[in-house]
Amino acid sequence: MACGKYLAEAGHEPIVLEARDVLGGKVSAWKDKDGDWIETGLHIFFGAYPNMMNLFNELDIEDRLQWKVHKMIFAMQELPGEFTTFDFVKGIPAPFNFALAILLNQKMLTLPEKLQTAPPLLPMLIEGQDFIDKQDELSVTDFMRKYGMPERINEEVFISMAKALDFIDPDKLSMTVVLTAMNRFLNETDGLQMAFLDGNQPDRLCEPMKQSIEKNGGKVLMKQRVKEWVLNEDDSVKHIVMANGEIIEADEFISAVPVDVMKRMCPEPWTKMPFFQQMKQLEGIPVINIHLWFDRKLQNVDHLCFSRSPLLSVYADMSTTCKEYYDEEKSMLELVFAPCSPIAGGKTNWIAKSNQEIVDATMKELERLFPLEIGKKAPDGVGAKLLKHAVVKTPRSVYAAIPGRNKYRPSQETPIKNFTLAGDWTSQKFLGSMEGAVLGGKLAAEVVSAKAKGMKTAGLKKINDDIMAEASTFSAEGWKRPQKMEDESAVVFGGGHVLDKNDEQQLMTIDPEQMTELDGRSQATKDAIQEAVLNRTR
Ligand SMILES: Cc1cc2nc3c(=O)[nH]c(=O)nc-3n(C[C@H](O)[C@H](O)[C@H](O)COP(=O)(O)OP(=O)(O)OC[C@H]3O[C@@H](n4cnc5c(N)ncnc54)[C@H](O)[C@@H]3O)c2cc1C
């Protein structure tokens with residue numbers, strides 16, 4: 001949609017085709033039968049999201065961002081019910097405000113640990129992107145060991161950071177991701193300040209984008225699944241065929257589908273090209289977003305909390321943090337559940353588990369973290385009662401930023417003369433994030449606009465030597481294409497859903513690995529499965 005917005009503003013007439021009946025993709029939300037909003041994900045906006053901030057400004061909806069106090073809040077594992085914070089002092093510029101926030105925190109790291117942590121990170125500030133890119137072959141844990149960082153920083157900071165950034169454990173996450181985030185956050189005084197949208201994302205963010213596209217002469221159509229790109233003899237796109245059989249012709253075609261969907265839809269002649277072969281090195285990571293409605297108001301933190309728990313990533317009490325969901329009497333927690341699978345560092349395939357099993361595991365974890373409010377140890381012997389839940393599974397969300405992946409993210413410009421790529425997984429300096437998706441869309445719009453004006457484009461990103469070395473061996477048969485789907489489930493489009501039997505069936509067809517139960521298997525088998533998954537993308 002960002003791409004459509006910028007193309008329409010540049011005088012083009014884009015048609016945005018969305019397969020689902022709701023806009024937003026991984027930022028979509030819908031109402032349940034009680035009228036409560038269910039979100040694909042708990043989404044946080046950062047001060048260091050320049051393209052997103054520009055977008056809000058251009059759409060004149062900046063007042064919809066609810067900025068929270070500039071701090072980071074961590075649940076204390078060893079002191080259940082308690083929190084500790086990194087407080088950013090007003091008036092102190094970046095990066096000193098971050099250094100001071102860490103130094104002032106007395107509960108997480110000792111002074112020698114803090115002093116040992118800083119030197120390995122300094123080249124990131126001095127050498128910048130060059131140093132950051134060079135660390136992509138190392139996991140966070142590899143980097144820590146190589147540069148002698150104290151082990152405890154992993155437990156205290158990196159586990160929650162890695163899970164918040166990519167739903168993955170630090171021994172699986174590329175250090176480039178952590179350094180990229182830190183570099184962006186540290187270079188801007190308000191970079192780490194966080195905002196919540198003031199309500200559901202389709203109405204509060206997607207609708208103004210749609211209106212902007214339409215005001216400038218474009219169209220946004222829902223329930224329009226692109227089935228196939230039909231090619232000319234020179235491999236350029238002739239037209240697209242929609243699921244309803246309609247044929248759409250255009251001067252330029254842009255795909256903004258997630259990488260796993262793109263792999264499935266890639267026309268056969270393109271699968272032999274090194275450019276598209278890069279996609280085989282990328283795959284989406286599973287994540288689960290849980291909504292829990294309680295019968296009472298829980299301890300009230302008007303912010304995002306980092307759980308630092310082995311099962312959970314970040315969470316927030318949306319009845320306090322978000323204007324539209326505000327409730328003075330009852331809490332609604334939204335929690336991100338990760339890691340969910342072997343590729344993310346987990347030993348359980350949580351996508352294959354029932355919603356009830358996931359909720360039970362979450363409640364058990366909350367009981368451990370907040371014994372005074374949840375579970376039998378609460379003063380009333382019962383604790384807060386869970387009124388209802390919603391479990392949204394996204395089997396393939398942002399690309400798994402495991403070591404060595406960054407070099408395979410393709411440029412928006414492709415070798416196909418009338419075909420451009422967009423999406424958070426394409427090459428841009430932000431990670432798989434909303435900011436990355438907006439920037440990817442903007443860059444794609446720039447490619448198309450430049451071509452239309454006959455101007456020079458930035459050119460294709462260099463394809464890595466290992467792909468080029470194998471180029472002559474590529475064949476359409478060798479492209480292990482997941483089965484094509486003819487149905488309409490959100491999971492088929494790389495989105496999230498409260499899975500019903502139909503969704504599960506479709507997931508089983510396109511992505512059986514996600515539905516494989518790992519419990520009951522020996523540790524050696526689990527390790528072997530994890531190794532096989534990692535090897536596949538290595
Ligand atoms: C649980 C969760 C929490 C997150 N939290 C944050 C956060 O706090 N901050 C942050 O910045 N990011 C966060 N993200 C990441 C962020 O949501 C994504 O990076 C971003 O939304 C990706 O946007 P995209 O446009 O690249 O892809 P998508 O949002 O996946 O959009 C792709 C679109 O293509 C459509 N599509 C697919 N196939 C077809 C087809 N054949 N025909 C037509 N349409 C099709 C899909 O339906 C979808 O709408 C989170 C993600 C999740 C899942």
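## Starting at helix α1

Let's begin with helix α1, whose buried residues are A2, C3, G4, K5, Y6, L7 and A8. This is a predicted model, and α1 (residues 2-9) is mostly covered in it, with seven of its eight residues buried. What does the covering of the buried residues of α1 include? The list takes in helices α2 (50-58), α9 (201-215) and α15, along with strands β1 (15-17), β9 (219-221) and β13 (253-255). After α1 comes G11, which has a positive phi, near 95°.

## The seven-stranded sheet

Now for an open sheet of seven strands with mixed pairing. If you want to trace it on screen, the order is β7-β6-β15-β16-β17-β14-β18. Its edge strands are β7 and β18 (386-394), each pairing on one side only. Strand β14 (residues 287-294) runs antiparallel to β18, and eight bridges join the two. One spot to look for there is I290, whose bridge partner in β18 is V391.

How much of β16 is covered? Six of its six residues are buried. On the β17 side, four bridges join the antiparallel pair β16 and β17, and L312 has F337 of β17 as its bridge partner. On the β15 side, the pairing is also antiparallel, over two bridges, with F306 standing opposite V314 in β16.

Helix α14 (355-369) lies across several of these strands: β6 (71-75), β14, β16, β17 and β18. Relative to β18, α14 runs at about 115°.

Five bridges hold the antiparallel pairing of β10 with strand β11 (residues 237-242), and L231 stands opposite V237 in β11.

Most residues other than glycine have a negative phi, and most peptide bonds are trans. With that in mind, a few places here are worth a look.

Two residues other than glycine have a positive phi: D235, near 75°, and R308, near 55°. R308 belongs to the hairpin of β15 and β16, which has five residues between its strands. Are these two buried or exposed? D235 counts as partly exposed because it has 15 C-beta neighbours inside 10 Å. R308 has 23 C-beta neighbours inside 10 Å, so it counts as buried.

Then there are the cis peptide bonds. One runs from A94 to P95, with omega near 0°, and P95 is found in the loop between β7 (83-87) and α3 (96-104). Another joins A338 and P339, with omega about 5°. P339 lies in the loop between β17 (332-337) and α14.

## Where the nonpolar residues gather

In soluble globular proteins, nonpolar side chains tend to be buried together. The largest nonpolar core in this model has 130 residues. Which residues have the most contacts inside it? They are V178, V336 and F337. F337 has come up already, as the partner of L312. Helix α15 (residues 434-452) supplies the largest share of the core, nine residues.

As for V178, leave aside its neighbours within four places in sequence and its contacts are V140, M161, A162, L165 and L173.

Two packed helices are described by the angle between their axes and the distance between the axes. The crossing is right-handed.

Who does the touching? From α4 the contact uses L121, M124 and L125, while α8 brings L179, M182, N183 and L186. By type, the residues of this contact divide into six nonpolar, one polar and no charged.

Notes. Residues numbered from 1 in each chain as written. Predicted model: local features only at pLDDT ≥ 70, side-chain atom pairs only at ≥ 80, totals over all residues. Left-handed = near helix turned anticlockwise from the far one by under 90°. Contact = placed C-beta atoms within 7 Å. Nonpolar A, V, L, I, M, F, W, Y, C, P; charged D, E, K, R; others polar. Pairing = 2+ DSSP bridges. Core = buried A, V, L, I, M, F, W, Y, C linked by C-beta atoms within 7 Å. Buried ≥ 20, exposed ≤ 12 C-beta atoms within 10 Å, placed from the backbone. Axes fitted to C-alpha atoms, helices over the stretch in contact; angles between N-to-C directions.
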